[in-house]
Amino acid sequence: MAAAPALKHWRTTLERVEKFVSPLYFTDCNLRGRLFGDSCPVAELSSFLTPERLPYQEAVQQDFRPAQVGDSFGPTWWTCWFRVELTIPEAWVGQEVHLRWESDGEGLVWRDGEPVQGLTKEGEKTSYILTDKLGEKDPRSLTLYVEVACNGLLGAGKGSMIAAPDPEKMFQVSRAELAVFHRDVYKLLVDLELLLGIAKGLGEDNQRSFQALYTANQMVNVCDPAQPETFPVAQALASKFFGQRWGESQHTIHAMGHCHIDTAWLWPFKETVRKCARSWVTVVQLMERNPEFIFACSQAQQLEWVRSHYPGLHARLQEFACRGQFVPVGGTWVEMDGNLPSGESMVRQFLQGQNFFRQEFGKMCSEFWLPDTFGYSAQLPQIMRSCGIKRFLTQKLSWNLVNSFPHHTFFWEGLDGSQVLAHFPPGDSYGMQGSVEEVLKTVAKNRDKGRTNHSAFLFGFGDGGGGPTQTMVDRLKRLCNTDGLPRVQLSSPERLFSALEGHSGQLCTWVGELFLELHNGTYTTHAQIKKGNRECERILHDVELLSSLALARSTQFLYPAALLQDLWRLLLLNQFHDVVTGSCIQLVAEEAMCHYEDIRSHGNTLLSAAAAALCAGEPGPEGLLIVNTLPWKRTEVLALPRPGGAHCLGMSWGEELLPSPGHRPRHGLCSCPHPHLTAAPAAPAACVRSARAPADLASRPPPTKTDGSVTLDNGIIRVRLDPTGRLTSLVLVASGREAIAEGAVGNQFVLFDDVPLYWDAWDVMDYHLETRKPVLGQAGTLAVGTEGGVRGSAWFLLQISPNSRLSQEVVLDVGCPYVRFHTEVHWHEAHKFLKVEFPARVRSPQATYEVQFGHLQRPTHYNTSWDWARFEVWAHRWMDLSEHGFGLALLNDCKYGASVRGNVLSLSLLRAPKSPDATVDMGRHEFTYALMPHKGSFQDAGVIPAAYSLNFPLLALPAPGPAPAAAWSAFSVSSPAVVLETVKQAETSPQGRTLLLRLYEAHGSHSDCWLHTSLPVQEAVLCDLLERRDPTGPLLLRDNRLKLTFAPFQVQSLLLLLQPPPN
């Protein structure tokens, strides 16, 4: 007779079901305890330990020695290979058999020479299916290999996840056995957990919640874990519940498999190669078993690693890509930082990424996928659209500390007006696990209810890899269309965005940058990495330009396309969002510095090769090749090499180098015969009032020193330093206008306490501003430095703290509109932040900051929480504070962190976090910043070219033979608003004779300009950033000139087909 209905208490009923599926309580009699049946140990276990990451074929040849469960191995970053001999008992015929393997290291199972599954306890992958059903004729004995990395899913932090790795950590295998797996028990567990989730998620006030709880309770009533024949009745109860449908108005959740793998972070690059294999080979299994399961995968670099190291796995991924289950997304080489890379670097991320995806998978990506980056530049929409992408996905702004971002689905409008459709998964995660709680949160948290009825749901373990599990897939399949819940589809990025686009009429628009209100310490952390990034961006720019000129001028020169691609890919790799930001372990930082050194070394070799080609067959004398790699005339002092390693100063003037002011060709070169490389006269001439009077340089007064202070004057600006090196006056000579605020001093170094809430390398908190301590120098340390015809300088020492010191040379050159501060710091601090401040005699509610291919304004006040949250921001080469008619610009050669509060311009110099790298920024640093007062707007005053000139010095290259006898200019642009940013060989170049030029409008104005070239151009045509020709055809080319029209901040690319050079 059936049991009589009984009153049910919510809590006791809920806990009854919880205990029935618990892995901790009552496992001797509950359902969870029956998930696995009979078991036996592996027949034989042996191991081999190595500090290297060996390929499979080499590893299996090593000397394996007997091992047993519980043995320790290590230390951190080593690898232990296990040979696992298995013998399956005869009595298990007809059963599903698993290898159960648990270790605190990340494992990869190899079978018949191929990787077949990742095994990671943290990623809930602790068993490998040997057979779904053991057949009568199936082999009973087999040998597997398990490659175990001595690190966890998230590295090996000592004491906490983001602590520096523990170099002595040891690992062990805690389980290695064969077991029978009960699939029917597993299905019941999935259903009961989902019913529990519905009951909890919908709460006691919801009818459907009680139906879920009562169904689960009834399942417990009818299910006897010891009697499998009772399982179908319980399964039928669950199927009845999940089979009840809801209406058509349900919100639709697009569930996509996902596995965010940081290309390097708390583990080195080489470990990421194996993380990709462990994660994606498991995904291949899931795709095989679940034809409706779709997996989205970003980062071309990671796929390139798999192609190189695991060709069999790569072929499987290509196969599933053809089926539409493996979907490459993102379009970039890596998931790069969205703030610090230059505009050209961002273009190359897409160029390299999209070309790779097209070559390896037959199509380019249509979505930009950047879920974990620390902010997003306002130029990204334009760059995306010109790379064939109109859709964008991230979730990182859910991390905002102060303000909640108001949308999850919206149009994002960039600096030039370009728009893309942006979607933030409302569950605020890229690592969902398919729980009911997450599904309900996705609907409840959606900030665009009523505007759209579709959301993304990215599921799978991430950051350290791991990816989705079969349990996650099964949960989501079961929830496909159940009354009381949103509709869940196993979907794809294409289906999601198509649905969003189909109902986009009511979506709002966000204009400008997507600023993350967190992690703004990453603009400064690891100064050497940031310096390496800026330097290598410059080197590759210069190499491409010179190689292009050599290609145009020489029939013998071969453009180094393959090597340049390798060097660019190295730089792009280091722009991953946990590398260039400095939020990585010491091992990664050291690798990054090696990458930069490779780029510098190869880059200098390539510069020499291009210089040699440019000098070939020229009639001039031997000497130096002076190259201006910028598209405007320049008047500069530069240091020239002399025999024995010494240097002398020279001034670019006309077509020679002389100790006097002058002009340099635009994007050109000239020879510099040795007789003209004279040192500047010894006569004191650091104070030159006229930049046009070379004859009387020697009569100018030197830097003057009175009362311990020093004055430098070049006729454009006058600089006064107090006895400790602080700036007491900066005057624009022509107008007599003072730039430093009354009663204040500039070049004031300031030290702050820098203790964030948790994310040490990442965060600087607003409260650090309350701990400001000016660093006071000692009078008498200021001394006059260079006293030459073209340069004047002063230098001083500053003790920052008992452990850290600073020396600085303040330099003013003839004809230069800015004063430079060459700085050397020996930095040995803990949780301190060093900045330098310049209070300006300027009032403005907005300051301007350079970003990729342009600039934007940010407030100088804290009126709103949105203003206040931007207490520390990022900029590239310059920032400017201007009022009508006058302004002050602060330039730099390798810094990114900045702020302007009120009238004080502040440049962030050095931090001292202790995790995840305890050594970060300790040691010696060199950098330069510069201060430029100006009349009128920063655009008209030339702040932009000044910042370029600081970052791209004139090149003085040894000429291996006769150098060109006359100056030669390749390109010039008629409008000061337009910058010629890049000259390179086109990716697809018939006979190698096509160049790619990239220009952008820098002032924020509509502009017409003429591009003039002295190269033998046969045809010119516009193209997009992927170098696909504009269908409108060639441009009109007349007298070696092209007319181009720009909108504000527009980027344009141009293909120039060169005529064959004369023999």
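1. In this predicted model, E15 and K19 stand 4 residues apart in helix α1, which means that about one helical turn separates them. The two residues form a salt bridge in which the closest N and O atoms are 3.7 Å apart; E15 is partly exposed at a relative accessible area of 30%, and K19 is partly exposed at 26%.

2. A second salt bridge brings together the side chains of R391 and E367, again described by an N to O distance of 3.7 Å. This pair links distant parts of the chain, since R391 belongs to strand β16 (residues 391–393) and E367 to strand β15 (residues 367–369), 24 residues apart. R391 is buried, with a relative accessible area of 8%, and E367 is likewise buried, at 3%.

3. E1019 and R1029 also form a salt bridge, with their closest N and O atoms 3.2 Å apart. Because E1019 lies in strand β53 (residues 1017–1023) while R1029 lies in the loop between β53 and β54 (1041–1046), the pair ties together parts that are 10 residues apart in sequence. The structure holds 57 salt bridges.

4. A nonpolar surface patch of about 380 Å² is made by L24, Y25 and F26, and Y25 is located in the loop between α1 (10–20) and β1 (36–41).

5. The unreviewed UniProt entry places the feature "domain: Glycoside hydrolase family 38 central" at residues 517–596, a stretch that in the model is 65% helix and 0% strand, with its end C-alpha atoms 30 Å apart.

Methods
Residues are numbered from 1 along each chain as its sequence is written. This is a predicted model: local features need pLDDT of at least 70, side-chain atom pairs count only at pLDDT 80 or more; totals for chains, interfaces and linings use all residues. Side-chain values use heavy atoms; hydrogens and water are left out. Patches are made of residues with over 30% relative accessible area and no salt bridge: like charges are joined within 9 Å, nonpolar side chains (Val, Leu, Ile, Met, Phe, Trp, Tyr) within 5 Å. Accessible areas come from the Shrake-Rupley method with a 1.4 Å probe; for residues, only the protein chains shown count as cover. A salt bridge is a side-chain nitrogen of Lys or Arg within 4 Å of a carboxyl oxygen of Asp or Glu. Helices (H or I, at least four residues) and strands (E, at least two) are DSSP runs, numbered from the N terminus. UniProt positions are given in the numbering used here, feature names are shortened, and annotations may be inferred rather than shown by experiment. Buried means under 20% relative accessible area, exposed over 50%, partly exposed in between (1.4 Å probe, protein chains only).
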